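Open the model in a viewer and keep the selection panel at hand. The stops below are given in the order in which to select them.

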Amino acid sequence: MKNKKRKLIWWIIGIILLLGIIAITYYYFSKFQDNTQNETIEIKEIVKPNQLEIKKMYFGDVFWGRSINDWAQASELKEKYPFSGLSTFNRENYQAWIGSLNCPITDRQI
């Protein structure tokens with residue numbers, strides 16, 4: 001009879017220890033769990049514009065041929081000479097200036 005009581009007591013102690021280990025494990029993992037999983041995701045409304053306006057200025061061919069290079073070299077501005085009049089077009093009113101550079105760019109003088 002004493003043997004059965006001892007076995008029962010050891011079974012009860014074992015079950016209590018097992019439940020304690022489970023409780024401690026659950027507490028440990030729930031405390032250090034990444035809390036970002038529980039946060040709700042806020043979806044912001046995307047506002048689309050009704051219209052889009054871009055102010056651009058287009059230039060024709062920017063050409064160094066014929067007499068342009070001679071005039072530039074005779075000027076105090078040198079290579080800046082062909083572009084010196086651009087400041088009269090109020091650059092702050094445009095978001096882009098686009099021109100077509102029609103000449104080879106090289107370090108050799110022809």
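Which residues do ring pairs link into a cluster? Select Phe59, Phe89 and Trp97: ring pairs join these residues into a cluster. Note before going on that the model is predicted.

**Stop 1: the rings**

Over the whole structure, a search finds two aromatic pairs. One of them is formed by phenylalanine 59 and phenylalanine 89, with 6.0 Å centre to centre and 75° between the planes. The pair is edge-to-face because its planes are 75° apart, and over 60 degrees counts as edge-to-face. In the chain, the partners belong to distant parts, 30 residues apart. Phenylalanine 59 is in strand β1 (residues 56-62), whereas phenylalanine 89 is in the loop between α2 (68-74) and β2 (96-101).

Arginine 91 lies over the face of tryptophan 97, at 5.3 Å from the ring centre.

**Stop 2: lysine 56**

Select lysine 56, which is placed in strand β1. Its relative accessibility is 38%, so lysine 56 counts as partly exposed. Which residues is lysine 56 in contact with, leaving aside its neighbours within four places in sequence? The contacts are Tyr94, Ala96 and Ile98. For a distance label, pick the C-alpha atoms of lysine 56 and alanine 96: they are separated by 4.8 Å, although the residues are 40 apart along the chain.

**Stop 3**

Go to the loop between α2 and β2, where lysine 78 lies. Asparagine 90 lies in the loop between α2 and β2 as well. Most residues other than glycine have a negative phi. Lysine 78, not a glycine, has a positive phi of about 55°. Asparagine 90 is not a glycine either, and its phi is positive at about 50°. Lysine 78 is partly exposed, with a relative accessible area of 35%. Asparagine 90 counts as partly exposed at 39% relative accessibility.

**Stop 3**

Finally, select tryptophan 11, found in helix α1 (residues 2-31). At 61% relative accessibility, tryptophan 11 counts as exposed.

Methods
Residues numbered from 1 in each chain as written. Predicted model: local features only at pLDDT ≥ 70, side-chain atom pairs only at ≥ 80, totals over all residues. Heavy atoms only, no water. Phe/Tyr/Trp six-rings, centres within 6.5 Å; stacked < 30°, edge-to-face > 60°. Helix = DSSP H or I, 4+ residues; strand = E, 2+ residues; numbered from the N terminus. Lys NZ or Arg CZ within 6 Å of the ring centre and 35° of its normal. Buried < 20%, exposed > 50% of the residue type's maximum accessible area, 1.4 Å probe, protein only. Contact = heavy atoms within 4.5 Å.
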